[in-house]
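Reader: I have a structure on my screen and would like to work through it with you, one question at a time. Could you take me from the sheets to the cores and then to the contact between the chains?

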Amino acid sequence: MIVAESKPIKELLEMVKDFKKILVVGCKGCVTVCNVGGAKEVAILASTIRISGKKEGLDVVVGEHTLERQCDPEYINELKDVIGDYDAVISIACGVGPQFLSERYPDTRVFPGVNTKFMGGAVEHGVWSERCAGCGTCVVHNFGGLCPIARCSKSLLNGPCGGSSNGKCEISKDVDCVWDLIVTKMMEQDRLDELIEFQAPKNWTTARDGGPRKMIREELVK
Amino acid sequence: MDDFKPQIVAFCCANCASSAANVSHDMKKVLPDNIKVIQVPCTGRIETLHLLKPFEEGADGVYVAGCQADSCRYISGITKAAKRVAQVKGILEGLSIEPERIDVFHLSAGKGQEFVEVADRMVNTVKGLGPVLTA
């Protein structure tokens with residue numbers, strides 16, 4: 001999933017301080033799963049803004065709406081009959097959401113309510129960890145099912161480096177050295193010799209380095 | 001400020017805190033009349049939104065009265081509630097509202113005296129802070 005975290009409430013309130021009718025829009029996709037942008041969080045943020053409005057003696061109207069997804073135009077369309085009632089929209093979807101809303105409703109001011117962090121998964125309840133860097137050419141099968149691009153601080157394909165110590169990365173005691181995990185996993189699978197093979201420099205043109213990416217599937221295009 | 005009578009919402013666990021309330025009743029101890037008690041089967045069910053809504057509706061303070069952390073009827077209910085109270089304290093701070101307006105208290109079934117003392121303490125704290133909302 002795409003993992004995000006809420007923006008500090010002070011920062012959000014500063015963004016929308018000039019608006020009196022605010023619509024908070026959530027998303028039932030990834031941000032619901034990582035407990036930052038679903039219907040529950042829409043209600044919490046809306047309530048927080050109302051409390052702030054009352055504290056400041058302002059007459060602020062806050063609406064709540066949660067879309068099936070904010071990354072598909074047909075769901076964004078659901079807002080067409082209500083969005084005109086508001087001066088501003090706070091999207092608490094990932095960074096895709098506020099952009100799709102802005103594109104569909106160009107006259108409406110749209111603000112991001114969350115900071116999008118990474119693609120990852122829940123390693124335990126309430127804890128998420130990065131797993132994918134979206135490089136466009138997946139190679140995890142070469143590394144015991146672990147991604148050195150997303151999980152090595154240097155994205156080394158021929159690791160480990162000298163900063164690996166007792167299974168941890170030199171950047172933090174809380175960060176596992178993925179190369180330690182890779183070597184351990186390959187030993188368990190009796191495939192350690194495969195790591196002797198030199199991994200050539202990666203072609204990064206399929207990653208973000210090749211510029212903004214677009215994917216077209218002709219069989220699906222109308 | 002002396003005339004200010006804070007409105008306080010108390011979420012009380014149906015096990016420990018409510019038993020303590022019964023004991024306090026038997027002891028002829030009276031809860032302040034500006035405390036609105038909401039009994040919940042377990043404080044672990046109290047969501048962040050439940051703790052915010054009273055403030056939105058004009059309450060000046062909120063507290064959760066539940067079990068002792070090591071003897072919660074449902075093992076971790078009061079621990080979860082304490083984390084949500086901490087979250088709401090953070091939200092209130094972000095709004096420049098005193099975090100002392102919300103708190104969590106650990107009671108056990110026999111502590112009737114403490115049930116009332118906790119309420120009095122909360123009333124005094126919030127009274128000292130004054131009203132939270134201007135509108």
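Reader: How many bridges join strand E6 of chain A to E7(A)?
Author: In this predicted model, strands are DSSP runs of E of at least two residues and helices are runs of H or I of at least four, both numbered from the N terminus, and two strands pair if DSSP finds at least two bridges between them. Strand E6 (residues 114–124) of chain A is joined to E7(A) by 5 bridges.

Reader: Which residue in the hairpin of E6(A) and E7(A) takes a positive phi?
Author: The hairpin has 2 residues between the strands. The positive phi, near 90 degrees, belongs to Gly126(A).

Reader: In what order do the 3 strands of the antiparallel open sheet in chain A stand?
Author: E1(A) is joined to E6(A) by 5 antiparallel bridges, and Ala4(A) stands opposite Thr116(A) in E6(A). Strand E1 (2–6) and strand E7 (127–132) of chain A each have a single partner strand, so one side of each is left without a neighbour in the sheet. The order is therefore E1-E6-E7.

Reader: Which strands stand at the edges of the open sheet of 4 strands in chain A?
Author: This sheet has parallel pairing and the order E3-E2-E4-E5. Strand E2 (residues 21–27) and strand E4 (residues 88–91) of chain A pair over 4 bridges, with Val25(A) opposite Ser91(A) in E4(A). Each edge strand has a single partner, so one side is left without a neighbour in the sheet, and these strands are E3 (61–67) and E5 (109–112) of chain A.

Reader: At about what angle does helix H5 of chain A run to E5(A)?
Author: Axes here are lines fitted to C-alpha atoms, for helices over the stretch in contact, and angles run from 0 to 180 degrees between N-to-C directions; a contact requires C-beta atoms, placed from the backbone, to lie within 7 Å. Helix H3 (residues 39–55) of chain A packs on the sheet, touching E2 and E3 of chain A, and its direction makes about 170 degrees with that of E3(A). Helix H5 (residues 96–104) of chain A lies across E2, E4 and E5 of chain A, and its angle to E5(A) is about 175 degrees.

Reader: Which residues have the most contacts inside the largest nonpolar core?
Author: A nonpolar core is a set of buried Ala, Val, Leu, Ile, Met, Phe, Trp, Tyr and Cys residues joined through C-beta atoms within 7 Å; buried means 20 or more other C-beta atoms within 10 Å of a residue's own, exposed means 12 or fewer, and partly exposed lies in between, with C-beta atoms placed from the backbone. The largest core has 82 residues, and its largest share, 7 residues, comes from H3(B). The residues with the most contacts inside this core are Val24(A), Val31(A) and Ala65(B).

Reader: Is Asn166(A) buried or exposed?
Author: Asn166(A) lies in the loop between H6 and H7 of chain A and has a positive phi of about 50 degrees although it is not a glycine. Because Asn166(A) has 7 C-beta neighbours inside 10 Å, it counts as exposed.

Reader: Which residues does a cis peptide bond join in chain A?
Author: Most peptide bonds are trans. The cis bond here has an omega of about -5 degrees, and its proline lies in the loop between helix H6 (148–151) and helix H7 (178–188) of chain A. The residues joined are Gly159(A) and Pro160(A).

Reader: Which element supplies the largest share of the side of chain B that touches chain A?
Author: In all, 14 residues of chain B are in contact with 14 residues of chain A. Helix H2 (48–56) and helix H3 (77–94) of chain B each supply at least two residues of that side of chain B. The largest share, 6 residues, comes from H2(B).

Reader: Which conventions apply to the numbering and to the model?
Author: Residues are numbered from 1 along each chain as its sequence is written, while chains are lettered from A and ligands numbered from 1 in the order in which they are written. Local features need pLDDT of at least 70, side-chain atom pairs count only at pLDDT 80 or more, and totals for chains, interfaces and linings use all residues of this predicted model.

Methods
Contact = placed C-beta atoms within 7 Å.
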